[in-house]
Amino acid sequence: MAGVDDRDPDEPRAQLPVGPLGELAREPLEAPIYRWMRATGWAVARVISVVALALAWELFARSGAVTPFMLPPLTAVLERIWNDLVAGELLLNTGVTLYRAMAGFLIGSVAGIVLGMAISRGKLADWFFDPIISVGFPMPKIAFLPVVILWLGVYDLSKITMISVEAIFPVVTATVIGIRGVERELLWSARNMGAGERELLWQIALPAALPQIITGLQVALPIALIVAIVTEMFMGGYGLGGAMNTASRFADSRGVFAGIVEIALIGYVIVKLMALVRRRLLLWHQEAMAPSTV
């Protein structure tokens with residue numbers, strides 16, 4: 001009989017997508033190829049400005065407006081970087097610079113977090129260290145480099161010490177702000193459930209302040225790289241800064257600009273790696289739920 005459904009009522013039927021108001025969803029599913037094309041398009045759009053800058057550099061250097069000594073072409077600089085890589089000098093200098101920067105960064109980070117915890121939870125530490133942090137944070141600590149050289153010499157110890165001193169200030173400040181900004185309701189609830197001061201600090205305050213602390217680490221990391229380069233330029237020896245200083249003394253323009261490009265690339269990579277670490281550590285935080293703009 002027409003219009004009568006003669007199928008077995010126990011037979012499973014295909015489930016059609018239903019919209020929020022009960023009607024059939026009409027929005028087609030996005031094919032993987034379109035998602036890939038869209039992601040590729042955004043990736044290309046992000047590097048357009050860098051490609052434009054590189055092209056402008058190359059064209060301006062070859063236009064005759066400046067001499068190759070003042071601004072060598074980008075292709076010549078890239079050739080110099082490749083030669084240094086093949087010769088092993090680039091890997092050696094990069095490794096030495098990263099060792100100093102990361103060692104100073106780690107020392108400054110650990111010391112900054114510990115000191116920030118002490119200041120935020122102890123009145124005596126707050127009374128003693130707060131004026132020092134307030135005065136020392138805005139001043140250029142690199143001004144103490146001649147004194148550090150007099151005390152510690154011109155080798156790795158003095159360079160790592162300067163990096164640690166520069167890196168500690170943003171970390172300790174972020175730690176203090178983060179711990180003091182923890183919601184009081186969380187602390188009151190924990191105390192009501194019998195948590196002591198140690199549990200409050202390690203299980204409540206410190207995890208809640210972790211986003212702010214990581215922000216301080218993200219600020220301190222490029223500072224550590226900058227100070228490593230500056231100390232190497234000032235003291236000489238191996239490292240990217242020392243190589244640039246040597247190239248400058250011998251009027252090697254391509255070597256100087258090669259160092260600039262190398263430092264820019266290394267800085268970009270470590271900043272992106274730090275952002276990746278932040279996303280991994282803060283999967284539980286509300287910022288991980290927001291759309292990424294990186």
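Helices (H or I, at least four residues) and strands (E, at least two) were taken as DSSP runs and numbered from the N terminus. On this basis the protein chain contains 12 helices and zero strands. The model is predicted, and local features need pLDDT of at least 70, side-chain atom pairs count only at pLDDT 80 or more, and totals for chains, interfaces and linings use all residues. Residues are numbered from 1 along each chain as its sequence is written, and side-chain values use heavy atoms, with hydrogens and water left out.

Burial was assigned from relative accessible area (buried under 20%, exposed over 50%, partly exposed in between; 1.4 Å probe, protein chains only). Of the 294 residues of the protein chain, 35% are buried. Contacts were defined by heavy atoms within 4.5 Å. Among contacts between residues at least 6 apart in sequence, 70% join residues at least 24 apart.

Helix α2 spans residues 48–61 and has 14 residues. The distance from its first C-alpha to its last is 20 Å, close to the 20 Å expected at 1.5 Å a residue, where the expected span is 1.5 Å times one less than the number of residues. W57, E58 and A61 are the buried residues in α2. These residues lie on the same side of α2 because they cover an arc of only 95° around the axis, the arc being that of the directions from the helix axis to the C-beta atoms. An α-helix has 3.6 residues a turn, so residues three or four places apart point the same way. The face turned away from the buried side of α2 carries the exposed residues I48, S49, L55 and L59. The buried residues of α2 pack against α3 (74–87) and α12 (253–281).

Nonpolar cores were defined as sets of buried Ala, Val, Leu, Ile, Met, Phe, Trp, Tyr and Cys residues joined through side-chain atoms within 4.5 Å. The largest core comprises 35 residues, of which W57, L71, V77, I81 and F105 touch the most other members. Two or more residues are given to this core by each of α2, α3, α4, α6 (145–152), α7 (156–180), α10 (210–235) and α12. The most come from α10, with 10 residues. Leaving out residues up to four places away in sequence, V77 touches W57, P72, R254, F257, A258 and V261. A second, separate core of eight residues includes I179, V182, A209 and I213.

Three aromatic pairs are present. Rings of Phe, Tyr and Trp (its six-membered ring) pair if their centres lie within 6.5 Å, and planes under 30 degrees apart count as stacked, over 60 as edge-to-face and the rest as tilted. The rings of W57 and F257 have centres 5.9 Å apart and planes at 50°, so this pair is tilted. The pair links distant parts of the chain, with W57 in helix α2 and F257 in helix α12, 200 residues apart. Both W57 and F257 are buried. W127 and F128 form another tilted pair, at 6.4 Å centre to centre and 50° between the planes. W127 is exposed at 63% relative accessibility, whereas F128 is partly exposed at 46%. Ring pairs link W127, F128 and F129 into a cluster.

A charge was taken to sit over a ring if NZ of Lys or CZ of Arg is within 6 Å of the ring centre and within 35 degrees of the ring normal. The charged end of K141 sits over the ring of F137, 5.8 Å from its centre. K141 also lies over the face of F169, at 4.5 Å from the ring centre.
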